[in-house]
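Grab a pencil and work through these exercises with the structure open beside you. Try each task yourself before you read its solution.

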Amino acid sequence: MSALLPILGNAPVAIDPDVIDAARRAMSENSWRALRADIRVFADWCAQRGLVTLPALPATVAEFLRDQADHGKKAATLARYTSSIGRLHALADQPDPTRAERVRLELKAQRRALGVRQRQARGLRFRGEVADPLAAAGPVGVCVEAMLVAAGDNLPGQRNRALLSLAFDTGLRRSEIVAIRWPHVERGGGGGGRLFVPRSKADQEGAGAYAYLSARTMAALADWRAACGGRTEGALFRRLHRTRDKAGDDVWSVGAALSAQSVTLIYRAMLDAAHASGLLGVIDTADFDVWRASLTAHSTRVGLTQDLFASGQDLAGIMQALRWKSPAQPARYAQALAVESNAAAKVVGKL
């Protein structure tokens, strides 16, 4: 078995290395990483029980899914495992055991038992939990505006302010944020601008798309550019390294491109700064801890979607702005907002 895929125990069927190489080049880095990880889980599970991994029997796959559910795996994870096992067999040009009725029924049974709703990143809205973000005056609770105000004027503060402001404007995912290069930023009219997004989760072939950048973000980017030496090439957001001079003052330097995992850490550090500055209003420790734990790099994408719905934008326009192919996910993000304006809210709220 090629080193590009995990070694499969008890697998009498080999996969053509050229097929593996083509699959690796055809898939995104994240998809390829997930496929390899899923295959390793399945292969290890089979090896421990002396079962054949490739080609696997439908009974083997069904038992694997049931065992994983018993060990706490979510319905979405089981569905991904099933897809990866099917892909493994397709790469080997073998019959797909996941299409068997036994596997299909086992997956359906687990979905019924576990529920299919996934935990969602909490939406980080611009001015907080307000009915209309365009009419609200000032920040309300945890929000982008408070976090931007709390960011300092040193090098980390300038980088973090530019990153959060851009992330909210565009609704980019973390992998897309760290992939931005300076030439992707274009100046537009009225102080605003455009960001060219060469590739995204929904655009693996790289057709490219544009996202709007507010005057607020363009100003933050200009400050960040000046602070890091007027760069015009390379990664836009970078790691920062701190040393101290003889007087004990911080000295910051700009390093390599920021990692995707750093985005959530930056958001949480900015939230901590806003909380310490008293910009989040009255919020008790328990509520803040819940907020902090649920804040992820995806929170800006959720929050932007919610603000667009709250301001009266239609689904088609929101899908275009955030480059979605399906309406299911943005509609799901708006579910919590819809409760406050549905028929029951209009009546019960006045009783």
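**Exercise 1. How many helices and strands does the protein have, and what share of its residues counts as buried?**

Step 1: The protein has 16 helices and five strands; helices (H or I, at least four residues) and strands (E, at least two) are DSSP runs, numbered from the N terminus. Before you go on, note that this is a predicted model, in which local features need pLDDT of at least 70, side-chain atom pairs count only at pLDDT 80 or more, and totals for chains, interfaces and linings use all residues. Residues are numbered from 1 along each chain as its sequence is written, and side-chain values use heavy atoms, with hydrogens and water left out.

Step 2: Of the 351 residues, 42% count as buried. Buried means under 20% relative accessible area, exposed over 50%, and partly exposed in between (1.4 Å probe, protein chains only).

Step 3: Now for contacts, meaning heavy atoms within 4.5 Å. Take those in the protein with a separation of 6 or more: 59% of them come from residues 24 or more positions apart.

**Exercise 2. Describe how the rings of F42 and F64 are arranged.**

Step 1: Start with the rule. Rings of Phe, Tyr and Trp (its six-membered ring) pair if their centres lie within 6.5 Å; planes under 30 degrees apart count as stacked, over 60 as edge-to-face and the rest as tilted. This rule gives five aromatic pairs.

Step 2: F42 and F64 are one of these pairs, with 5.0 Å from centre to centre and 70° between the planes, which is edge-to-face.

Step 3: Find the two on the chain: F42 is in helix α2 (residues 29–49) and F64 in helix α3 (residues 58–70), so this pair links distant parts of the chain, 22 residues apart.

Step 4: Check the burial. F42 has 1% relative accessibility, so F42 counts as buried, and F64 is buried too, at 0%.

Step 5: Look around the pair: ring pairs join F42, W45, F64 and Y81 into a cluster.

**Exercise 3. Are the rings of F126 and F168 stacked or tilted?**

Step 1: Their centres are 5.6 Å apart and their planes stand at 45°, so this pair is tilted.

Step 2: F126 sits in the loop between α5 (101–114) and α6 (144–150), while F168 belongs to helix α7; the pair links distant parts of the chain, 42 residues apart.

Step 3: F126 is buried at 13% relative accessibility, and F168 is buried at 7%.

**Exercise 4. Which strands stand at the edges of the open sheet?**

Step 1: Write down the order. The open sheet has three strands, β1-β2-β3, with antiparallel pairing; two strands pair if DSSP finds at least two bridges between them.

Step 2: β1 (185–187) and β3 (209–213) each have a single partner strand, so they stand at the edges, and one side of each has no neighbour in the sheet.

Step 3: Zoom in on one pairing. Three bridges join β1 to β2 (residues 193–197), and V185 stands opposite L195 in β2.

Step 4: See what packs on the sheet. Helix α7 touches β2 and β3, and its direction makes about 120° with that of β3. Helix α9 (residues 215–227) touches β1, β2 and β3, at about 90° to the direction of β3. Axes here are lines fitted to C-alpha atoms, for helices over the stretch in contact, and angles run from 0 to 180 degrees between N-to-C directions.

**Exercise 5. Is S165 buried or exposed?**

Step 1: S165 lies in helix α7 (residues 155–170).

Step 2: The relative accessible area of S165 is 1%, so S165 is buried.

Step 3: Leaving aside neighbours within four places in sequence, S165 is in contact with L148, R216 and T217.
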